[in-house]
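Come along and read the entries with me.

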Amino acid sequence: MAEKGPPTTRAAPEHWLMGAEAFERRMPHHEGMKALWETKWRAPCLRSVYPFHDGAFEDFEPIFLNLIAKDVNDGNSADYTSAFIPTARALEKRGDDAAEHGSPDAKKTASNFYLRAACLLRIARFPYLSGFPRVTNQAKWDAWELQKAIYRKAGALWSPSPLLEVTIPHTHAKGRDRDAIPAYVRVPPQPSNRTGRDAKTQFPSVILFTGLDGYRPDNTARCEEFLSRGWAAVVLEIPGTADCPADPADPKSPDRLLDSLFAWMAADGRFDASRVLCWGLSSGGYYAVRAAHTHKEQLLGVIAHGAGTHHFFDREWLKRADGHEYPFQLIPALAAKYGYEDDVQAYLEGAQKKFSLLETGILSMPSTRLLLVNGTHDGLMPIEDSMLLFEYGSPKEARFFAGALHMGYPMANSSVYPWMEQVMATAK
């Protein structure tokens, strides 16, 4: 008699590993802007860490104190979003003035002002944004466009690896997919000792999938880490967010997105096809897990960082996740992100069957090397969704951080880069 394989569906666990108290608790920052600033955001803002990386406390504190004084508590409101624009514009002007001097020090100063402005605009367009099938919030979309424009100014100053804004033809588009993939690309400088038309170096590369609210301009430090190791960076958004052209309602649209991306990378000539990694952040971790299985031949290794794969779509999980560590309401953002627009009920009832990587059979496929990283008390993407993968398909690797919240910050990155280096070194 043939052995039975692992089950193709799983009910929500009776006890979540984060603990009943943490699962049931509604975090205090959900009580309004004052609570958000004082109990959740002020501390990371002081340290310029997520989501305030590239930013400065002196820019943010007056804005939040003003929002609190005016009793602005809705992060989706135009009043919230517009509060950040004047300071961002003022920083942009300071960047423009510094850039005019043209010296290396002046360019560095200008870049810093531009990045501070872009960080303000990141928080202005929080918590979620998409242009597919239509713009979800016009005020936030305007802030997004301004963020990209100012970040573009910073990126132009980053010699010898400036920011390249690339429009990749979506040659495998189908159905409602749009026909172009906006991406950021940064490549190391070509070695000076190589000459001639055919002497171009092909670089190891990292495809970076962004998340629910962090997009292309929000990954400066990660791209610098890649460049410091001699790797190119290709950064793009995931379906249902920002500028991504893939149909968020179609579970197979990310496969077509990658097909088009790999075709472009092969034709471009700057990327070493034998040494390509993929790193998915938060909601991007879901797409990284999928890619590790659907595109295992093109990927040397994959990092799924804070991934939701199955239980994340479960109604039992979602009914409490709204009160966990996400700064604003999570469920309406997820419903829109997965193509349900404002029909939250349809998302709660149908998303797991449609998108679960377990129920759709993806997890039973063989995969490339796959590193799973998260905190064991993640209240957005349950740690159970990473652990589940060990029961299916190819062997997996993992680094979990006991007691840490979503993505295992701030410790997690220190475990990812050495793994990436080791995997890159295995390429023949």
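This is a predicted model: local features need pLDDT of at least 70, side-chain atom pairs count only at pLDDT 80 or more; totals for chains, interfaces and linings use all residues.

Is Asp-247 buried or exposed? I looked it up: Asp-247 has 8% relative accessibility, so it counts as buried.

Residues are numbered from 1 along each chain as its sequence is written, and side-chain values use heavy atoms, leaving out hydrogens and water.

**Salt bridges**

I searched the whole structure and found 32 salt bridges, each a side-chain nitrogen of Lys or Arg within 4 Å of a carboxyl oxygen of Asp or Glu.

Asp-247 meets Arg-176 in one of them, at 2.7 Å from N to O. Asp-247 sits in the loop between β4 (232-236) and α9 (253-268), and Arg-176 in the loop between β1 (164-169) and β2 (180-186), 71 residues apart. For helices (H or I, at least four residues) and strands (E, at least two) I used DSSP runs, numbered from the N terminus. Arg-176 is partly exposed, at 42% relative accessibility.

Next I checked Asp-243, which forms a salt bridge with Arg-216, their closest N and O atoms being 2.3 Å apart. Asp-243 is in the loop between β4 and α9 and Arg-216 in the loop between β3 and α8, so the pair ties together parts 27 residues apart in sequence. Both Asp-243 and Arg-216 are buried. I also found them in a network of salt bridges with Glu-145, Lys-148 and Glu-237.

**Asp-213**

What about a buried Asp with no salt bridge? I found Asp-213, whose nearest side chain of opposite charge, Arg-125, is 6.1 Å away. Here Lys and Arg count as positive and Asp and Glu as negative, with His and the chain ends not counted. The side chain of Asp-213 does have a polar contact of 2.8 Å with that of Tyr-326. A polar contact is a pair of N or O atoms within 3.5 Å; within protein, one must be able to donate a hydrogen and the other to accept it, and residues adjacent in sequence count only if both atoms are side-chain atoms.

**Ser-130**

My last entry is Ser-130, in the loop between α6 (104-125) and α7 (138-155). Ser-130 is buried, with a relative accessible area of 0%. Its side chain reaches the backbone oxygen of Gly-240 at 3.3 Å.

Note on methods
Buried means under 20% relative accessible area, exposed over 50%, partly exposed in between (1.4 Å probe, protein chains only).
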